[in-house]
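I am opening a notebook on this structure, and I would like to have the sequence and the model in view before I write anything down.

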Amino acid sequence: MNEYRYQELDIGHKETFRVTITREMEDAFRQITGDSNPLHRDDAFALEAGQGRFSSHVTFGMLTSSFYSTLAGVYLPGKYSLIHSLDIKLQKPVYCGDELTVTGEIADKQDELGLLILKAEIRNQKQKCVSKATMKVLCLR
C-alpha cells in the first residue's frame, strides 16, 4: 500500500495495477448486493437478451468500477486517501476472465483542500477502454 503525502505528489503522477475478474468475485458481489439479474450470471440469457452484443454473461459494472476505490485507497495516494466524488462512464462490457488494467493520473491539485483530481481508466486485455472516471480524492496527510 502506498503512503503518499499530498506534498509528495505532482500533476502527471501515475499509478497502475492489474486484476483479473473471476467467478468468485462475481459471486461475492452478487451476495453482497443482492443483484440477481440473469444478465450477470446466465450466459444463454445474456446471449439472447443482448441479441449478439455479448459473448457471455456480463460482469457487474459496479464490480468493475469498485477498482477505482482500490486505485485511490491503495495506490494513489494510498493509505491517506478518502474519495470525495467519482464520475464514472462505463464504455464496454467486461466478462469473467478479463484481465483489467486500472490506471490513474493526477490531472490537478487543489492545495487549499488537499484535493487530488484524478483521471482514471480501466482497460481490458485487448487494450479496449471499458471505463473512464474523474475522481476527486482527499489526501489526508
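This is a predicted model: local features need pLDDT of at least 70, side-chain atom pairs count only at pLDDT 80 or more; totals for chains, interfaces and linings use all residues.

Residues are numbered from 1 along each chain as its sequence is written, and side-chain values use heavy atoms, with hydrogens and water left out.

I looked up Glu15 in strand S1, residues 14-20 (strands are DSSP runs of E, at least two residues, numbered from the N terminus). Glu15 is buried and has no salt bridge, the nearest side chain of opposite charge being Lys14, 11 Å away; buried means under 20% relative accessible area, exposed over 50% and partly exposed in between, with a 1.4 Å probe and protein chains only, and a salt bridge is a side-chain nitrogen of Lys or Arg within 4 Å of a carboxyl oxygen of Asp or Glu. The side chain of Glu15 does make a polar contact with the side chain of His13, at 2.9 Å (N or O atoms within 3.5 Å, one able to donate a hydrogen and the other to accept it).

I then looked at Lys14, which forms a salt bridge with Glu105, with 3.8 Å between the closest N and O atoms. This pair links strand S1 to strand S3 across 91 residues, and Glu105 is partly exposed at 30% relative accessibility.

How many salt bridges does a search of the whole structure find? I recorded five.

Key: Helices (H or I, at least four residues) and strands (E, at least two) are DSSP runs, numbered from the N terminus. Lys and Arg count as positive and Asp and Glu as negative; His and the chain ends are not counted.
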